[in-house]
Amino acid sequence: MNKEKLTTLLSNRFQGKDIGESFGLPALIIAKEELMDTAHLLKEDQTFGFNQLVCETVTDRSEYFELVCHLRAVGKGHEMILKTHVEREETPLLPSLYELWQAAELFEDEIYDLFGIRFDNHPHLRRLFLDEEFEGYPLRKDFVNTLDL
Amino acid sequence: MEMKKEFLPEIPEEFRENLGRNVLVTTIDKIAGWARSNSLWPLTFGTSCCAIEMMSAASAKYDWSRFGFEVARATPRQADLIIVAGTITSKMAPVLRRLYDQIPEPKYVIAMGACTITGGPFAKDSYTVVRGVDKIVPVDVYIPGCPPRPEALLQGMMALQQKIKLQKAYVIEKPKDEPEL
C-alpha cells in the first residue's frame, strides 16, 4: 500500500483525528486513553496489519511528553507513525504495548530509564543503561547534572 | 685485590678456555626487568573506538608482537597488562576494577585515548562517563589522542617497557596517585 492510500484509509477510519506527516510517513496523533484500542485495531485489522514495532521513543516537548511509535506492516510494505501525548509530571503512566508487540519491552525500559515514564502491564520495567541507584531522568529537558564522576 | 687461592673454585683445565665467553654476570633486577618487559601479555579489553586502533596495532600491519606483546589473553588471570581502550562509564567502572584486581602481580595499566585520561569529549557534561580512568585503577602510561594512532600506542607500550626495565624485581611499585577505594 502506498502512502497516499494509507493516509486516506487512516483518515476514513479515524475521523476527526489529527493525521499529519512526519519524515515522509503518515502520523496519527491520538489521546493516550485511546492508545491501546487504536494499537489493537492497527495490528489486528487486516487492511492495516501493522505487525512490527520498529521504534518506540519519547520526545520532551517541555509542556508535555510525546510518545512516538513507528509501525511497519511486513509483507504489505507500509509504515506509519503513531503519536500520543502525556502530561508532564514526576512519573507519568502510559499503557504498555508489550502485549501487542514484544519488541516494546526494551524500548519501554529505555524510555523509563531516560525519561521516567512508567508503563502499565510491562513485564519487567527496569533501568536499561543506568544504575538502579541513579537519581533523575537524564534526557528530560529540566535534568541538571550534579554528578562528579 | 689479591685473593687467596683456596677461595677460588677449582676449574678443570678443559673448561677454562670457554669460561670467558659462556658466563654472564647480571643482577636479579636487570634480568627480571628484561624478562618481564619483553613478554607483556595484554588483556583483551576494549570498550569503544580506541579498541579498533588497538586491534589494528595487534594485527599484521603494525604487529605489536615484534615488541613482545605476544598474545592478547581473554582472561585477566593470564595477563600482565591492561590497555584501557575506550570510554569507561560508571556502570563499567566496577567491572574494570574487578578485572584489574584479578590480574596477578606484577601488573601494569595503559590509559589509551582522551576518554580514559579526562573523559575526553564527555568531560564537560555527562551523566555516565568516568572522568579519567585513574580514578579507578593506577595508570602507568597515558597515551593522548582521539583515538591514538597505532604508532602512538606502540610508543606508549615501549615507554612502559622502559619503565619496567628500571623497576626492582621484588618491589611492587605503583604509580603515586593510586586511587583511594
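Is A:Ser62 buried, exposed or partly exposed? The first legend answers this.

**View 1. A:Ser62 and A:Phe23 sit in loops of chain A.** This is a predicted model, in which local features need pLDDT of at least 70, side-chain atom pairs count only at pLDDT 80 or more, and totals for chains, interfaces and linings use all residues. Residues are numbered from 1 along each chain as written, chains are lettered from A and ligands numbered from 1 in the order written, and side-chain values use heavy atoms, without hydrogens or water. A:Ser62 counts as partly exposed, at 41% relative accessibility. (Buried means under 20% relative accessible area, exposed over 50%, partly exposed in between, with a 1.4 Å probe and protein chains only.) Its loop lies between strand 3 (52–60) and strand 4 (64–73). Helices (H or I, at least four residues) and strands (E, at least two) are DSSP runs, numbered from the N terminus. Phi of A:Ser62 is near 70 degrees. A:Phe23 also has a positive phi, about 50 degrees, although it is not a glycine. Most residues other than glycine have a negative phi. A:Phe23 is exposed, at 80% relative accessibility. The loop of A:Phe23 runs between strand 1 (18–22) and strand 2 (25–30).

**View 2. A:Asp109 is buried in helix 3 of chain A.** Helix 3 covers residues 104–115. The relative accessible area of A:Asp109 is 0%. Leaving aside neighbours within four places in sequence, A:Asp109 is in contact (heavy atoms within 4.5 Å) with A:His122, A:His124, A:Leu125, A:Arg126 and A:Leu128.

**View 3. Two peptide bonds in chain B are cis.** One runs from B:Glu105 to B:Pro106, with omega near -10 degrees. B:Pro106 is in the loop between helix 4 (93–102) and strand 3 (108–112). The other runs from B:Cys146 to B:Pro147, also with omega near -10 degrees. B:Pro147 is in the loop between strand 4 (141–143) and helix 6 (150–165). Most peptide bonds are trans.

**View 4. B:Cys50 and B:Cys115 are buried cysteines.** A disulfide is a pair of cysteine sulfur atoms within 2.5 Å. The count over all chains is zero. B:Cys115 is in no disulfide either; the nearest cysteine sulfur, in B:Cys146, is 5.8 Å away. Relative accessible area is 7% for B:Cys50 and 12% for B:Cys115.
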